[in-house]
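User: Please examine the model shown here and answer a series of questions about its salt bridges, annotated positions and surface.

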Amino acid sequence: MHITVEFGGGAELLFDNKKSHDVTLPEKDKEWIIKDLLIWIKDNLLKERPELFLQDESVRPGILVLINDADWELMDTVNYVIQENDRILFISTLHGG
Amino acid sequence: MPPCSAQCGKNAILKRPKTGDTLCKECFFEAFENEIHFTITRAKLFKPGSKVAIAASGGKDSTVLAYVMKLLNEKYDYKLDLVLLSIDEGITGYRDDSLDTVKQNRDDYGMPLKIMSYKDLYGWTMDEIVAEIGRKNNCTFCGVFRRQALDRGAALLNVDYLATGHNADDIAETVLMNILRGDLARLSRCTSIITDSGDGIPRVKPLKYTYEKEIVMYAYFRKLVYFSTECVFAPNAYRGHARVLLKDLEKIDPAVIMNIIQSGESLKINENANMPTLQKCTRCGYVSSQDVCKACE
């Protein structure tokens, strides 16, 4: 399944400063939900300091998540079922002012 | 996808942390801007015809503040003369880049920009100071230097107000920090929407009740360009702890941010409490709560 994963607001610093990633998720028995994607990101994309991105099976508080340009809080957050060609954006609010 | 709570017929794009409302992009813009307008008018923040310096770092808060101030000034005819004021601490790889963002704001919003540098004001850049003394308390005295630099810049520009981008999360964080430190003087001051820095130019916080989440979402959906790199020197560790605590609490219930601000506003300091009085620093003559100010120390 192909999706786009993006990072902004300083979160890209944990990913080699690369903001946009074309991702092909491997086939699996069950559907891909955001919780699975976070683990996949940790194992495959994250370059440093996972504690700045993940906390308790979710993103660290202060990181906003948008799925196809809409707040993930409208879509059951970590339990959202990922669809083909989804664009998932993580924006850090934790930097500078 | 839930529909917009304003019943405009469109799909929502965001859940508001303050109210739990789900709003579409256009209704969110309107609610966000109207609330800041309401904050400004209810507190009578600005007298018509006055000149306002916006403290601009190039970060999300000041970028959104400059954009919204310009928009509201035109929409509601505040009759304000808006200028941008930036501080160049002299931190390579951080402030040099963020100042490029401020210059972009200057061009995009058509506002004049004044940059005050530590080098010109104090004879030292932060890079030079840290090379000399090492990494200790850097944020504390850099913060004191920046406050003074902003005051001097505001005086030089002859403005009536200095507006800063402090948001609701920042204020709640500061309330927590002041409670944890037992700093009653700062606790009673830190929630004020207008503060007098001692030299007569009031500082105002139009984003005082605006959640950080909404500021970042607003900047994203309005496609405002801001700078988001952490300062290269050690971050302010104590504020970091307060911030993590607050963000963890916000996850459980976003209302805690407004509740903490409200608690801070409602606190009355016992008149018998031992309060420091503002005096002049014996070395540099600048306002200070102690004999020698934090910067000279």
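Analyst: A residue is termed buried when its relative accessible area is under 20%, exposed when it is over 50%, and partly exposed in between. The model is predicted.

User: Is Glu6(A) buried or exposed?

Analyst: The relative accessibility of Glu6(A) is 17%. The cut-off for burial is under 20%. Glu6(A) therefore counts as buried.

User: Which residue forms a salt bridge with Glu6(A), the closest N and O atoms being 2.9 Å apart?

Analyst: Glu6(A) has its closest N–O approach of 2.9 Å in a salt bridge with an arginine of chain A. That arginine lies in strand β7 (residues 87-92) and Glu6(A) in strand β1 (residues 2-8), so the pair ties together parts that are 81 residues apart in sequence. The partner is Arg87(A).

User: How many residues apart in sequence are the parts tied together by Arg16(B) and Glu214(B)?

Analyst: The side chains of Arg16(B) and Glu214(B) meet in a salt bridge, at 2.8 Å from N to O. Arg16(B) lies in the loop between β1 (14-15) and β2 (22-23) of chain B, whereas Glu214(B) belongs to helix α9 (residues 212-221), so the parts they tie together are separated in sequence by 198 residues.

User: What is the distance between the closest N and O atoms of Arg95(B) and Glu89(B)?

Analyst: Arg95(B) and Glu89(B) are both buried. They form a salt bridge in which the closest N and O atoms are separated by 2.6 Å.

User: What is the relative accessibility of Ala56(B)?

Analyst: Leaving aside residues up to four places away in sequence, Ala56(B) touches Ser62(B), Leu84(B), Leu85(B), Ser86(B) and Val102(B). Ala56(B) counts as buried, its relative accessibility being 7%.

User: Is Ile252(B) buried or exposed?

Analyst: Ile252(B) is found in helix α10 (residues 237-252) of chain B. With Leu245(B) and Leu249(B), Ile252(B) makes a nonpolar surface patch of about 280 Å². Because its relative accessible area is 73%, Ile252(B) is classed as exposed.

Terms used. Residues numbered from 1 in each chain as written. Chains lettered and ligands numbered in written order. Predicted model: local features only at pLDDT ≥ 70, side-chain atom pairs only at ≥ 80, totals over all residues. Heavy atoms only, no water. Patch = residues over 30% accessible without salt bridge, like charges linked within 9 Å, V, L, I, M, F, W, Y side chains within 5 Å. Areas by Shrake-Rupley, 256 points an atom, 1.4 Å probe, with all protein chains shown as cover. Salt bridge = Lys/Arg side-chain N within 4 Å of Asp/Glu carboxyl O. Helix = DSSP H or I, 4+ residues; strand = E, 2+ residues; numbered from the N terminus. Buried < 20%, exposed > 50% of the residue type's maximum accessible area, 1.4 Å probe, protein only. Contact = heavy atoms within 4.5 Å.
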